[in-house]
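Have the model open as you read, and follow each pair in turn.

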Amino acid sequence: MQTLKRYKWTWLLLLLAVIMAVYLAVKSFDFVGEKLPVIGQVQDFSLENVDGKQISLADTAGKARLVYFFFTVCPDVCPITTYMLSETQDILVKDGSFGKDVEFVSISFDPKNDTREAIKAFADKFHVDYNGWYFLRGDQEQVRKLAAESFKVLIYGTSKDDFAHANLIGLVDKNNQLRGLYEAGDTENVTPEFLARTVKKLARE
């Protein structure tokens, strides 16, 4: 009870974020007869990859992308969602679009614990194909700002002991525009097959 009281504003803000995400997700699912709406423009960034190279938004431009914010010691949603993305990766590898027309970007918001080595160890558990999947890290406030302003993903807390975050997957087009937001916990609708189909369709625009 004390924990709930202590973080009540955090949970209220997260609830508002989820409500917004549900609204945007409903609009994002309407992808049959018309193009997805442009939700916003993704701001530029420069973050460190697992091999120590700086990766900017421009390095991933020209392809449709799925973007996810995570931390490696997350006790629940992050590993589950990363596993779902790895299954999506497998579908795209089979048809030859992964790394060619489609890329994934996973961004850590816990630089204190998520060293390059820790992130690579986490990613390797999910047989990540680094030819089409960036795992990035950087300044916590920079990442928090990127998540909130470009992807409507709110992140609260400053350490692994008190993090709270929206579990959303962003869909970004070739021109760095956010075109979809998907609640990863909605496993009835947000499946590896759905994500693969949607990101490939966006890549063909």
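**Salt bridges in this model**

Lys160 and Asp161 pair through their side chains in a salt bridge, with N to O at 3.5 Å. The model is a predicted one, and the count of salt bridges comes to 9. As background, side chains of opposite charge can pair when their charged atoms come close.

**Lys160 and Asp161**
- Lys160 is partly exposed, at 41% relative accessible area.
- Asp161 has a relative accessible area of 66% and is exposed, because that value is over 50%.

**Glu48, Arg116 and Arg137**
- Through salt bridges that share partners, Glu48, Arg116 and Arg137 form one network.
- Within it, the side chains of Glu48 and Arg116 meet in a salt bridge at 3.0 Å, N to O.
- This pair links distant parts of the chain, 68 residues apart: Glu48 belongs to strand E2 (residues 46–49) and Arg116 to helix H5 (residues 116–124).
- Glu48 counts as buried, because its relative accessibility of 16% is under 20%.
- Arg116 is partly exposed, with 30% relative accessible area.

**Lys200 and Asp95**
- A salt bridge joins Lys200 and Asp95, whose closest N and O atoms are 2.7 Å apart.
- Lys200 sits in helix H7 (residues 192–203) and Asp95 in the loop between helix H4 (77–94) and strand E5 (102–108), so the pair ties together parts that are 105 residues apart in sequence.
- Lys200 is partly exposed at 26% relative accessibility, and Asp95 is partly exposed at 37%.

Terms used. Residues numbered from 1 in each chain as written. Predicted model: local features only at pLDDT ≥ 70, side-chain atom pairs only at ≥ 80, totals over all residues. Heavy atoms only, no water. Salt bridge = Lys/Arg side-chain N within 4 Å of Asp/Glu carboxyl O. Helix = DSSP H or I, 4+ residues; strand = E, 2+ residues; numbered from the N terminus. Buried < 20%, exposed > 50% of the residue type's maximum accessible area, 1.4 Å probe, protein only.
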